[in-house]
Amino acid sequence: MEMFDMTAAELGKRIQAGEITAVEAAEYSLSRIKEKDGQINAFITVEEEKVMENARRVQQKIERRELTGPLAGVPVAVKDNICTEGLRTTCASRILGNFVPPYSAEAVKRLEEAGAVILGKTNMDEFAMGSTTETSAYGITRNPWNTDHVPGGSSGGSCAAVAAGEAFCALGSDTGGSIRQPSSFCGVTGLKPTYGTVSRYGLIAYGSSLDQIGPVAKDVTDCACILEAVSSYDRKDGTSVKRESYDFTSGLGRDIKGMRIGLPSDYLGEGLDDEVRKAVMDGAEAMRSLGAIVEEFPLGMAEYAIPAYYVIASAEASSNLARFDGVKYGYRTEEYEGLHDMYKKTRSEGFGPEVKRRIMLGSFVLSSGYYDAYYLKALRVKALIMKAFDEAFKKYDIILGPAAPSAAPEIGCSLADPLKMYLGDIYTVSVNLAGLPGISVPGGMNSKGLPIGLQLIGDRFQEEKLLRAAYQLEKAVGGYGIKKEEAHDEQRI
Amino acid sequence: MSREYETVIGLEVHVELATETKIFCGCSAKFGGESNTHTCPVCTGMPGSLPVLNRQVVEYALAVGLAAGCEINRFCRFDRKNYFYPDNPQNYQISQLYLPICHDGGIEIETEAGKKTVRIHEIHMEEDAGKLIHDEWEDCSLVDYNRSGVPLLEIVSEPDMRNAQEVIAYLEKLRMIIQYLGASDCKLQEGSMRADVNLSVREAGSRTMGTRTEMKNLNSFKAIARAIEGEKKRQIELLEEGKAVIQETRRWDDNKEYSFAMRSKEDAKDYRYFPDPDLPPVVISDEWIRAVKERQPELRTEKLARYIREYGIPEYDAQIITSSSKMASIFEKTSEICKKPKKVSNWLMVETLRLLKEKGMEPEDISFSPENLAKLIDLADDGTINNKAAKEVFEEIFSNDTDPLYYIEERGLKAVGDEGILLAAIDKVLSENSDSAEAYRGGKEKVFGFLVGQVMREMKGQASPAAVNKILKDKLS
Amino acid sequence: MAGQIDRETVEYISILAKLELSGEEQLAAARDMGRMLEYIDKLKELDTDGVEPVSHVFPVYNVFREDTVTNQDIREELQKSAPACKDGAYKVPRTVE
Ligand SMILES: [Mg+2]
Ligand SMILES: [Zn+2]
């Protein structure tokens, strides 16, 4: 088996068996990045020497049997809004162009403790605001399946890096679909865990009540392994939840006979691409043939999720991004007259248009006279959305639907009309509003050869069930493993 | 002045809590330290850092709230107050607006005009800002975040005060309560207690409120009193001239005795408060409240009664000693050691108060230890040193908390106890005052003091009063 | 409510948000915000009377730290990425005239 074909878990096994060393794996990934990333631009920062140094250290520990886990020696990529000590972290923004964090995110620490080797920092929409990875200050990322298309966003760099075989797996972050949607566009598997499962300490906040770090990988098993490594109850994050179990892998192979799968009819109506709809229906059929009970049902509230999401996320963002002011770190404008001029110039030059747009909207909905009408209203709607899911999960174990209305759009089509771009988040944002876990699994290709993702949504803390269903769905409809034939290396790029 | 005016005053008092660490991170909350040496990613607003609440802050807030007769919000929450300023590293302050921890309380104050209650609107928890130093050499300011994130209680009164006297009485009472609880040392000069004064004037008898201004930068009771007078005068003058008072924040300049508007178009007062998504709510149970009440130290009225009852000191003394928790604590601890509460009280009432006044200090600044005062009292009592020497030793204890034994030794202050010299002196006195000696033997005990005095004079004050007493009594019996 | 985003509002919000927008950007911001708010107004269709606003998804309460010092002086590391420092302090334009 070529290294390209290996999942993270397979690579990890061979490293443990001594067939491949962590150093060879790192060398492979770095050469792959050298070869492909000029075109894909999945990475913002890669420090080769540091990578090799870490790989050598990890290899020594593996040989001393100090590292025996499935991720030991596996090269992973980390989204550039997750702090890495000593390694530049930009959030794809000019305003953090020179920011080298003095500490690592808890999730990164855990990855490193598991022996993963961090390859570098991946491109994203600036401050995770966008669905295409076109708003990055460090150039757009291209979809490895067709470089005229976007990889999705905002974790576009992480998903493209895995799809292009540059990294074996990656960390992304998901505020309104930012892991699941680009995973769907890039033909990889991406999981957004239950809110509070992975510590947010060190994740540069966009919408604090919605943000979660999660894995992007080649298959469901890898996702489960990474989640197991990075999830924790962290006292540094007040919103971290102490879960009963952090075992996400041992139940993976179990069948789904009798599992009740709900298919929201609201997710299948107008606005959904026919090929995507067909992929969802095929997925439903596959699960049915595995013994699951699948039925359509009205979930409700779907159309209110996006407006509620944009109010809440923008409001939180307007406050979270206030700290970028040219005083303590990051960019400061060259010339200014006085304090407020310094603030305004620094921020206006440091932030891109999409970020400014959301800061303006967020500041407005919180401003005097509008707080009740917009912000509080959105929080009430959020309560209703949570209730709709609570009702659904009384009847179903898992919800199945699309991850995005269509496959990856062409580069340059989305930003012209922000509202239209926002509407693309329709199937993903309510999961964040309700704090639920969701996963995107490859569900086939469209007629243009672009991947389509299927989304499974679980009830809170039901990752075990969600991963079990996703594993069976992946086995039935293909996933990464089957796609690699028709999308072999050369065809892919 | 052609019309009669009434002043209406409400106070926002900020108190820095006496916690070891900051409100949302494990940095030391100690005062001082080199610039930014008590900082971490959280209190410098680093991206990705998250706040976690210090439990002790809630404990103190509950203790102060309960002592001030407040209702407790069983479900309280933190909100973000958004505004840009460099002393505020996140450019939002974590505070409480919608659900503050305590509300609707009140404390009783007493002035010449009698007793009255000042109602407390609310008490909330929040974080302090960093310090801005204006550079002398360059045209810039320097930011130190050592104070950033130090826990504060903001105590907001209703506009129930009418003059400076009431304001000072309120602040003193508040300070006493908080000091008693150990929640803060409440030092105005160091900024651990700060008061912003909201003041408006209206025609006497009017029921509507005038337009108020908020005055900041008041760092002594005197400054507060002057600022109230100054601002009242300024507002009345405006009204007399037919002009309007503008609702604004003003900075009091105590040297110029005038307040200046702190206005700029850049600070639109629109703080866009919203619940902080990083901090889960605080739920306060009956048990928690009960536990805080049980842990509540004895407050002043109870203490006062106990001192009179248990220690047998005069009410006047007890009043003064209990007016400061520091004094009360020294009184109790010293009495505990030397078992002579009346003597302890005397040292506090006379010498301590005299030295405090002389040095312009507050009782809270007392730094000597009960152990050394107790030692001194014993030494004076058993005649090792006489009164004159004791006063000198006390000054040394007061200033440097020196061990009195060591100091007496070093300075040779020990009273003469040598019986030979003393006997000679006593014999001399008795022979020169034989009529007095006779009178004593005849039952006129009052003369004894006179004879002691004579012996002491003979000894030039260098005798141990205890030894004099003993030998003299023997001789006269 | 939507459609009422005029240039004055945009100017006011940009003061709050400390953003400097050019004339063209102001017009674009007014248009974008207006359109977005018009869309957000869809929420008004929903009757939310009696619905409690939810800010935290889970009923997690009372997450505390104990009051013990855990941090050491890491000023140097913290100030590595700072644009301007002097004597261990962060340097900013003069804050009072
Ligand atoms: Mg305040
Ligand atoms: Zn700190």
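In which loop of chain A does A:S154 lie? A:S154 sits in the loop between β3 (117-122) and α5 (156-163) of chain A. Helices (H or I, at least four residues) and strands (E, at least two) are DSSP runs, numbered from the N terminus. The model is predicted: local features need pLDDT of at least 70, side-chain atom pairs count only at pLDDT 80 or more, and totals for chains, interfaces and linings use all residues. Residues are numbered from 1 along each chain as its sequence is written, chains are lettered from A and ligands numbered from 1 in the order in which they are written, and side-chain values use heavy atoms, with hydrogens and water left out.

UniProt lists residues 24-467 of chain A for "domain: Amidase" in an unreviewed entry. UniProt positions are given in the numbering used here, with shortened feature names, and annotations may be inferred rather than shown by experiment. Over residues 24-467 the chain is 38% helix and 14% strand. The end C-alpha atoms of this stretch are 31 Å apart.

For "active site", the unreviewed UniProt entry names A:K79, A:S154 and A:S178. These residues span 100 residues in sequence, yet no two of their C-alpha atoms are more than 11.0 Å apart, so they gather at one spot. A:K79 belongs to strand β2 (residues 75-79) of chain A. A:K79 is buried (under 20% relative accessible area; exposed is over 50%, partly exposed in between; 1.4 Å probe, protein chains only). Its relative accessible area is 0%. A:S154 is likewise buried, at 0%.

Contact means heavy atoms within 4.5 Å. Residues up to four places away in sequence not counted, A:K79 touches A:S154 and A:S178, among others. The side chains of A:S154 and A:K79 make a polar contact (2.7 Å). A polar contact is a pair of N or O atoms within 3.5 Å; within protein, one must be able to donate a hydrogen and the other to accept it, and residues adjacent in sequence count only if both atoms are side-chain atoms.

Chain B holds a metal site. The zinc ion (ligand 2) is coordinated by the SG atoms of B:C25, B:C27, B:C40 and B:C43, at 2.3 to 2.4 Å. Donors are N, O and S atoms within 2.8 Å of the metal (3.2 Å for Na, K and Ca); water is not among the atoms, so sites may look incomplete. The donor residues are spaced C-x1-C-x12-C-x2-C in sequence. Both B:C25 and B:C40 are buried.
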